[in-house]
Amino acid sequence: MRARPPLAAAAAAACRAPLRLLRTGLAAAMSAARPLKSVDYEVFGRVQGVCFRMYTEDEAKKIGVVGWVKNTSKGTVTGQVQGPEEKVNSMMSWLSKVGSPSSRIDRTNFSNEKTISKVEYSNFSIRY
């Protein structure tokens with residue numbers, strides 16, 4: 001077998017790095033980063049019947065946080081977000097100002113904000 005030039009070997013290793021991340025899981029990768037943050041949220045406004053949960057799940061996965069989202073019986077959306085502090089802060093901003101295209105966010109309440117040693121979820125999901 002012919003040895004690869006050093007640059008080609010480094011490029012091949014870099015291409016495999018995302019695969020290693022997929023094998024070890026997002027939660028494991030986040031647990032290695034510090035500091036980690038957890039926060040509960042409730043979003044008020046026109047947030048049901050406008051694909052808010054689906055957009056929240058997509059945005060959370062894009063940002064790289066874990067947790068969950070669900071509708072409540074009082075017409076709000078509630079959930080929890082966990083991950084690296086800067087990514088959770090980015091998700092908090094999205095939940096406060098952006099939402100789904102057809103939504104109207106009147107206010108978002110955040111509670112139980114705390115530093116955690118490891119994430120409790122392996123992904124971000126919609127709960128029913």
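**Notes on the predicted model**

1. Thr78 lies in strand S3 (residues 77-84), where helices (H or I, at least four residues) and strands (E, at least two) are DSSP runs numbered from the N terminus. This is a predicted model, in which local features need pLDDT of at least 70 and side-chain atom pairs count only at pLDDT 80 or more, while totals for chains, interfaces and linings use all residues. Residues are numbered from 1 along each chain as its sequence is written, and side-chain values use heavy atoms, with hydrogens and water left out.

2. Thr78 is buried, with a relative accessible area of 17%; buried means under 20%, exposed over 50% and partly exposed in between (1.4 Å probe, protein chains only). Its side chain reaches the backbone oxygen of Tyr41 at 2.9 Å. Not counting residues up to four places away in sequence, Thr78 touches Tyr41, Glu42, Trp68, Val69, Lys70 and Thr72 (contact means heavy atoms within 4.5 Å).

3. Of the 19 residues in the largest nonpolar core, Tyr41, Val43, Phe52, Val65, Val81, Met91 and Leu95 touch the most other members; such a core is a set of buried Ala, Val, Leu, Ile, Met, Phe, Trp, Tyr and Cys residues joined through side-chain atoms within 4.5 Å. Strand S1 (36-46), H3, S3 and H4 each supply at least two residues of this core, and H4 gives the most to it, with five residues. Apart from it lies another core, of six residues, including Val66, Trp68, Val119 and Tyr121.

4. A search of the whole structure finds one aromatic pair (rings of Phe, Tyr and Trp, its six-membered ring, pair if their centres lie within 6.5 Å; planes under 30 degrees apart count as stacked, over 60 as edge-to-face and the rest as tilted). The rings of Phe52 and Trp94 have centres 6.0 Å apart and planes at 45°, so the pair is tilted. The pair links distant parts of the chain, with Phe52 in helix H3 (residues 52-63) and Trp94 in helix H4 (residues 85-97), 42 residues apart.

5. The structure holds five salt bridges, each being a side-chain nitrogen of Lys or Arg within 4 Å of a carboxyl oxygen of Asp or Glu. One of them joins Lys37 to Glu113, with the closest N and O atoms 2.8 Å apart. Because Lys37 lies in strand S1 and Glu113 in strand S4 (residues 104-116), the pair ties together parts that are 76 residues apart in sequence. Lys37 counts as buried at 7% relative accessibility, whereas Glu113 counts as partly exposed at 46%.

Definitions and conventions: A polar contact is a pair of N or O atoms within 3.5 Å; within protein, one must be able to donate a hydrogen and the other to accept it, and residues adjacent in sequence count only if both atoms are side-chain atoms.
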